[in-house]
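Visitor: Can you walk me through this one? Start with the terms, then the packing.

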Amino acid sequence: MKFHIATIGAALAVTLVAQANAQVTEVPFYFPVAVGGPITKLIDQFATDFNKDNPTIKVAPIYAGSYQDTIVKALTAHKAGTPPVASVLLSTDTFTLIDEDAIVPIDTFVKSADDKAWLGGFYKAFLQNGQIGGKTWGVPFQRSTVVLYWNKEAFKEAGLDPSKAPQTWSEMTSMSQKLTKKDAAGKVTQYGVQIPSSGFPYWLFQGLTTENDVILANDAGNQTRFDDPKVIEALQYWVDLSKKHGVHPSGVVEWGTTPKDFMEKKVAMIWTTTGNLTNIRSNAKFDFGVAMLPQGKKRGSPTGGGNFFIFKKATPAQQEAAFKFAKWLTQPERAAQWGIETGYVAVSPAAWDTPALKKYASEYPPASVARDQLQYAVAELSTHDNQRVTKALNDGLQAALTGSKTPEAAMKDAQREAERLLRSYK
Amino acid sequence: MNAGRQAHAYLMLLPALALLVAFTHYPAVATLVDSFMSTPKPNRPSVFVGLENYASMIDDPIFWQALRNNLWFALATIPLSVGLALAMALWVNGKMMGRGLLRMAYFTPTVLPMIAVANIWLFFYTPSYGLLEQVGGFFGLPSHNWLGDKSTALASITAVAVWKEAGFFMIFYLAALQGISPSLREAAAIEGAGRWFFFRRVLWPLLMPTTIFVLVNAVINAFRMVDHVVVMTRGGPDNATSLLLYHLYEVGFKFWDQGYAAAITVVLLGTLAAVALVQFFVLDKKAHY
């Protein structure tokens, strides 16, 4: 017993001395939770493991709410002079963060050949949003794309091949017509397809516009193309699904209840994020498939989700420590684990080459659909004064979908508002 | 009163005063000042711009829509929730079976957090299989997308607010009713007064102080309750359910336009202050304490 006490005492003394000698760099790290699952536990585990590997660094993860809550907290803290050292925030907020002079480019820390190989190892589609003015501002971390889920049973009932999802827009319309069921009174009991339009309709709409071969904003983030004929055409297709063909619910469709609508068999096909895969997989009582979005003129989908940012007002030592953490977090094995446990798309080809993810993808093929779609993916719409500009587009989309404006008028109004907002950034 | 007692009184008031100044009065004054300044940007510090923020408010169609929505929201929630509260209080004040249970049932919405309430109602309103649809479908009514249609979205979120608030106001009415002496009812009965006459001439005047208190709260809540908007519609479709405070939040914390947000805050504060003053000085004269 005496021996034990002595040992503990000695250990304590050693620890105290070690702590007094080595400067421990504190890294407060904000993160949001936007999908279901044990995200907080996982992040805490990552931080603990990292701190064990790096005794001179202490990463302190702080759960900060939704994406919106997190940027509010981070930017308010930045304006008050004490921002976090690092944070995961929406990749589309990059312009806002630069305009507020809140973050530093990641390139600042990329020095060795190893660092360069690491930064070059991400999927290009995920890096796009973070690359502005020739610099990389954000490290891809929790990223997703839009995919199509289809109910194989409903396909069978409608006399369609249950193993084939629609490949083109016209196929999606014609299949939806077969899948739409009505009761004796003419009331629709099952719709063919549903694309949610509450909250952030622009994101799903970007699937349609990309497929119609048009990009909504320029790389400099100061010019939008909302009134491009191809954009109006894409919106017309969406509106027609309900107005003309009656195969899509009318009005604004709630994002939050869309997976539930699918699981309740109220709709046979839905467009939503890959992040819902785990949820639908564990709750759907029928066989379903996951497919790339159908093609218009070509295939396409926006990317979505959050990047890892390093804040400007932190000390250089803290920034270096945060960079080390970002690099550690995105190593192939860890990115693979993160992808498997959350449903996000693992951010580098190397992660998909790890035995763990290879095994997962072969056991459950739908998990790799999002990755296969990445070659067609484009950056999520992002401009200066981002949330205001996207709101102009969202309002226009909802006005067209609820029938209060024609697609053409709605997009012209949205473009006019965006021009006004972006005037000062040209 | 001597100086020592005066000092003593001020010392006693100091803690509360300090908190009020720090968290209420100073922010209000600072907001007023900020509303005349431009939004600071990293390389453009805040400068005095006079009434520019107010001018852009007048030009902002979403501000006007939010104001209009908010007035309709207030006009509907205030009388409905107060009327319902009074009716429920009168109902559960009488002697009846299961009175305790009924009171609890009416009060439950108040105890639930607004975010939870909004999530429940989101599924009530869901097209095709929501509660409302199932009831409507039973009577053969056509399916309707309550929150996704511009013409019904505002009414839908108003209903949630009434449902949430009525129980809370009921508690105040119930407490007031319990405080009214039973001898009044007996005296009225002896005089041969009917129930309606008794309510109009005895209960209603005696409840006036409570009504004023409840009204003030209802007005404030009509401009303050936005949690369910965030959960259920995020102001959509196309701003049909955007209320003033929600618009203010968007301007302040999504668009980061502090100067303009401060201007909207001043208008909101001014409106509320004006309403409260009218209530206290006009309605108060009609109340018997």
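Guide: Contact first: two residues touch if their C-beta atoms, placed from the backbone, lie within 7 Å. Helices (H or I, at least four residues) and strands (E, at least two) are DSSP runs, numbered from the N terminus. This is a predicted model: local features need pLDDT of at least 70, side-chain atom pairs count only at pLDDT 80 or more, and totals for chains, interfaces and linings use all residues. Residues are numbered from 1 along each chain as its sequence is written, with chains lettered from A and ligands numbered from 1 in the order in which they are written.

Visitor: Which residues of H18(A) meet H19(A)?

Guide: Among them are A:Arg388, A:Val389, A:Ala392 and A:Asp395. Partners in H19(A) include A:Pro407, A:Met411 and A:Glu417.

Visitor: At what angle do the axes of H18 and H19 of chain A cross?

Guide: Roughly 170 degrees, and the axes come within 8 Å. Axes are lines fitted to C-alpha atoms, for helices over the stretch in contact, and angles run from 0 to 180 degrees between N-to-C directions. H18(A) and H19(A) are therefore roughly antiparallel (an angle over 145 degrees).

Visitor: New topic. How is chain A split into domains?

Guide: Domain 1 is 22-144 + 304-378, and domain 2 is 145-301 + 382-425. Such bounds come from an automatic or database domain assignment. The C-alpha centres of domains 1 and 2 of chain A lie 28 Å apart. Their contact takes 26 residues from domain 1 and 23 residues from domain 2.

Visitor: And what does B:Ala85 touch?

Guide: Not counting residues up to four places away in sequence, B:Ala85 touches B:Ala166, B:Phe169, B:Met170, B:Tyr173 and B:Val214.

Technical notes:
Parallel < 35°, antiparallel > 145°, perpendicular 65-115°, else oblique.
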